[in-house]
Amino acid sequence: MNECVIIGTSDEIQDTSYADDPVSKAVAKHSVVLIAEEYPFKCPSRVSTLAENMQIPYLQIDPFPEHWTALGIDREMRARQDHLTGRDIRLSNADSVRENFWLEKIEASLDCGRVLVICGYLHVNFLSQRVEERGATVLEKGTFPAELLHRKPEMVLDPAGLGEYLEKLRGQLLFREGEPPWVRRRG
């Protein structure tokens, strides 16, 4: 991989027709030879179908849950699934491991040329930095919709911080479950 275009979005938007225009425009503008997508599902994505229609190779780059243990991120990723869904939280270790995994997978598939990477919007700046650290060039980075580019994680948790956060969360849940029905919680 010599050059990279990174487009971030949300899970809710990624697999809708809203993705078609930004992907098509990026492919045309940058003469992309590979589309790589963070898409942790085994079924075809909207972007994979679009790539096929444009006759551009497609690569799903996110590790599947059965690979998390081998990567050392199983606990963090399961915690994300079980307790952090819908929250803008960066898991510094797991997300770093995943981003490096993505780049290794892309590099194994493409010696040189331009790749378009579709990922979650919170990965855009971190992934851009990793691409440059590997000696490649980020031609462009953005999000769809555009306002997602400036969103920051509400929390960044390393493995120890995640453990503390989950313990605190468990304590709050246990307290609520043990409360008598007449106790009213204040927001």
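The lining of the second largest pocket divides into 6 nonpolar, 3 polar and 4 charged residues. This pocket has a volume of about 160 Å³. The model is predicted. The largest pocket has a volume of about 870 Å³.

**Second largest pocket**
- The lining of the second largest pocket is made up of 13 residues.
- I7, P22, A26, E140 and G142 lie nearest its centre.
- Three elements each supply at least two residues of this lining: β1 (3-9), α2 (20-30) and β6 (137-143).
- The largest share comes from α2, with 5 residues.

**Largest pocket**
- The largest pocket is lined by 29 residues.
- Closest to its centre are D11, E38, R80, G86 and R98.
- At least two lining residues come from each of α1 (11-14), α5 (74-83), β4 (89-91) and α6 (92-109).
- By class, this lining holds 10 nonpolar, 8 polar and 11 charged residues.

- V117 sits in strand β5, which spans residues 114-120.
- V117 has a relative accessible area of 1%, so it counts as buried, the cut-off being under 20%.
- Leaving out residues up to four places away in sequence, V117 touches C4, V5, I6, I7, A36, I61, I106 and L127.
- I7, one of these contacts of V117, is also among the residues nearest the centre of the second largest pocket.
- V117 and Q60 are 57 residues apart in sequence. In space, their C-alpha atoms are 9.8 Å apart.

**Aromatic pairs**
- The model has 2 aromatic pairs.
- One of them joins Y39 and F41, with 5.1 Å from centre to centre.
- The planes of Y39 and F41 stand at 75°, so the pair is edge-to-face, a term for angles over 60 degrees.
- Is Y39 buried or exposed? Y39 is buried, because its relative accessibility is 6%, under the 20% limit.
- F41 is partly exposed, with a relative accessible area of 48%.

**Charges over rings**
- K42 lies over the face of F64, at 5.0 Å from the ring centre.
- R90 lies over the face of F126, and here the figure is 3.6 Å from the ring centre.

Conventions:
Residues numbered from 1 in each chain as written. Predicted model: local features only at pLDDT ≥ 70, side-chain atom pairs only at ≥ 80, totals over all residues. Heavy atoms only, no water. Helix = DSSP H or I, 4+ residues; strand = E, 2+ residues; numbered from the N terminus. Buried < 20%, exposed > 50% of the residue type's maximum accessible area, 1.4 Å probe, protein only. Contact = heavy atoms within 4.5 Å. 1 Å grid on protein atoms, 1.4 Å probe; cavity = no way out; pocket = protein on both sides within 12 Å on 5 of 7 lines; lining within 4 Å. Points joined across faces, edges and corners; volume = space filled by probe spheres on them. Nonpolar A, V, L, I, M, F, W, Y, C, P; charged D, E, K, R; others polar. Phe/Tyr/Trp six-rings, centres within 6.5 Å; stacked < 30°, edge-to-face > 60°. Lys NZ or Arg CZ within 6 Å of the ring centre and 35° of its normal.
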